[in-house]
Amino acid sequence: MIAQLRSAVTLVALFTLLVGIAYPMAMTGLAGALFPYQAAGSLVERDGRIVGSTLIGQPFAGQGYLHPRPSAAGSGYDASASGGSNLGPTSARLQQRMAADTAMLQARYGAGPLPADAATASASGLDPHVSPAYARMQVARIAEARGMEPSRVLRLIDAMTDGRTLGILGEPRVNVLSVNLALDEMAAGRDGG
């Protein structure tokens, strides 16, 4: 009995060291060496300060900015409380929130059909992307707030639309932070056009 217990404890300790410590450290080191930008959090820096990450959504509420999809993380885009609302499709609270969001968006953009991501939160609550349809829906508001031609904003969004990964995985998407930083650069006259 003691011999079996000793073997079991030895194996648990060995596998804890191997799978719980050595392997994660090796993968972290390898990731840092091969993909340093991604391993460091895909942080975006402007003028010497970090303004966000291309992988983590953040709120943008100004009329001159591309707005993200709704967030259920904490009080909205709270990275310390990442997660969905856990409200199911039969939840009255979810239906009320979506009805209010849909009514507000239809009043702002017109009564036509809305892209799904305009009124639904992502599973993490921190999705950094919106669909091209939702991004295009916001063009007129952004252009008006910035005093720009809508065609310029539309060209920017189309240029910054990422296709499916490997041509087959996921859906086309627009990174909200990247577009908003590009809009700020256009406003500052750093876009060359």
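Which helix gives the most to the lining of the largest pocket? Keep that in mind as you go through these close-ups of a predicted model.

**Figure 1. The largest pocket and the residues that line it.** Here's the reply to the opening question: helix H3, residues 92-109, gives the most to this lining, with four residues. The pocket holds about 300 Å³ of space. Altogether, 16 residues line the pocket. If you want to find its centre, look for His 67, Pro 68, Arg 69, Pro 70 and Tyr 134, which lie nearest to it. Sorted by class, the lining has ten nonpolar residues, three polar ones and three charged ones.

**Figure 2. The largest cavity and its lining.** Rolling a probe the size of a water molecule over the atoms shows where empty space is left. Searching the whole structure turns up one cavity of 30 Å³ or more. About 40 Å³ of space lies in the largest cavity. Its lining is made up of Ser 53, Ile 56, Gly 57, Gln 58, Phe 60, Pro 128, Asn 175, Val 176 and Leu 177. Five of these lining residues are nonpolar and four are polar, with no charged ones.

**Figure 3. Helix H5 crossing helix H6.** Two packed helices are described by the angle between their axes and the distance between the axes. For H5 (residues 139-146) and H6 (residues 150-159), the axes come within 8 Å and cross at roughly 125°. That angle is why H5 and H6 count as oblique to each other. H5 passes H6 in a right-handed crossing. On the H5 side, the contact is made by Val 139, Ile 142 and Ala 143, while H6 brings Pro 150, Val 153, Leu 154 and Ile 157. What classes do the residues of this contact fall into? Seven are nonpolar, with no polar and no charged residues.

**Figure 4. Helix H6 again, this time with helix H7.** The axes of H6 and H7 (residues 176-187) come within 10 Å and cross at roughly 140°. H6 and H7 are therefore oblique to each other. Is the crossing left-handed or right-handed? H6 and H7 make a right-handed crossing. From H6, the residues in contact are Arg 152, Val 153, Leu 156 and Ile 157, and they meet Val 179, Ala 182, Leu 183 and Met 186 of H7. This contact has seven nonpolar residues, no polar ones and one charged one.

Notes: Residues are numbered from 1 along each chain as its sequence is written. This is a predicted model: local features need pLDDT of at least 70, side-chain atom pairs count only at pLDDT 80 or more; totals for chains, interfaces and linings use all residues. Side-chain values use heavy atoms; hydrogens and water are left out. Axes are lines fitted to C-alpha atoms, for helices over the stretch in contact, and angles run from 0 to 180 degrees between N-to-C directions. Helices (H or I, at least four residues) and strands (E, at least two) are DSSP runs, numbered from the N terminus. Angles under 35 degrees count as roughly parallel, over 145 as roughly antiparallel, 65 to 115 as roughly perpendicular and the rest as oblique. A crossing is left-handed if the near helix is turned anticlockwise from the far one by less than a right angle, and right-handed if clockwise. Contact means heavy atoms within 4.5 Å. Ala, Val, Leu, Ile, Met, Phe, Trp, Tyr, Cys and Pro count as nonpolar, Asp, Glu, Lys and Arg as charged, and the others, Gly among them, as polar. On a 1 Å grid over the protein atoms alone, a cavity is a set of points where a 1.4 Å probe fits but cannot get out, and a pocket is an open set with protein on both sides within 12 Å along at least five of seven lines; lining residues have an atom within 4 Å of a point. Grid points are joined across faces, edges and corners, and a volume is the space filled by probe spheres set on the points.
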